[in-house]
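Subject: Structure handover

Hello,

Here is the structure I promised to pass on. Please have a look, then read my notes below.

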Amino acid sequence: MVRAAVLVSGGGTNLQAILDAKAAGRIPSAEIALVVASNSKAYALTRAANAGVEGVVLHKEKTETPEAYGERLLAVLREHRIDMVVLAGFLTILSENVIRAYDHRMLNIHPSLIPSFCGEGFYGLHVHEAALAKGVKVTGATVHFVNEIPDGGDIIAQKAVEVLPGDTPEVLQRRVMEQAEWLLLPRCVEEVAASLNEIAAQTVV
Ligand code: GRF
């Protein structure tokens with residue numbers, strides 16, 4: 001079974017969706033083996049603890065280079081024999097050494113329909129503010145593999161969500177989470193884990 005780590009920085013509602021899906025038997029191909037938080041106050045750590053999943057805090061020091069942070073992260077991931085990484089609201093930029101080590105084994109959820117409202121500076125509420133400012137009538141969420149281009153890796157799945165009259169960024173963010181992110185991410189975790197299991201099985205034969 002694939003050992004997955006979920007990387008988080010904040011509230012962790014996407015992590016919760018993964019943990020709930022796992023508990024409900026909807027992620028049979030992966031074990032959620034580790035949660036890595038970029039700050040010790042992340043509520044996601046409480047969610048991990050409640051589910052009996054080990055949580056580790058790995059904070060990037062201001063003076064630390066992205067590569068040095070990446071090496072520390074890789075060491076933690078290797079120590080826990082992590083096969084697959086899920087970025088679920090992880091706000092620390094990852095360096096190339098990490099991205100290369102988990103090529104097509106690291107996925108991210110972004111709260112828009114890529115290639116709209118993505119890339120540098122598009123995170124959190126900013127994404128929904130930009131969608132509302134543009135006046136789009138449909139937005140959504142995208143799960144994609146992580147490569148060296150911010151939000152630029154191969155797309156795994158997308159789900160559209162309606163923008164409604166009177167939406168505020170907060171209201172839209174919540175709808176995108178409820179109708180797209182929380183459904184899409186656990187499904188993609190299972191899909192990618194299942195294909196990694198298959199590759200592993202073929203390699204053994
Ligand atoms: C989500 O909107 C996700 O799409 C983005 O960061 C947010 C994380 O929220 N990458 P949460 O911590 O999962 O509640």
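Seven strands form an open sheet in the order E3-E2-E1-E4-E5-E6-E7, with mixed pairing. Strand E3 (54-57) and strand E7 (155-162) are the edges, each pairing on one side only. Neighbouring strands are turned by 20° against each other on average, direction ignored.

This is a predicted model: local features need pLDDT of at least 70, side-chain atom pairs need 80 or more, and totals for chains, interfaces and linings use all residues. Residues are numbered from 1 along each chain as its sequence is written, and side-chain values use heavy atoms, without hydrogens and water.

Some terms. Helices (H or I, at least four residues) and strands (E, at least two) are DSSP runs, numbered from the N terminus. Strands pair if DSSP finds at least two bridges between them. Contact means heavy atoms within 4.5 Å. Angles run from 0 to 180 degrees between N-to-C directions, with axes fitted to C-alpha atoms, for helices over the stretch in contact.

E5 (residues 106-110) and E6 (residues 138-145) pair antiparallel over four bridges. Leu107 stands opposite Phe145 in E6. Helix H1 (residues 13-23) packs on the sheet, touching E1 (2-8), E2 (30-37), E4 (84-87) and E5. The direction of H1 makes about 160° with that of E2. Helix H3 (residues 66-79) lies across E1, E2, E3 and E4, at about 150° to E2.

Met84 touches residues beyond four places in sequence, including Val2, Tyr102, Leu107 and Leu196.

Best wishes
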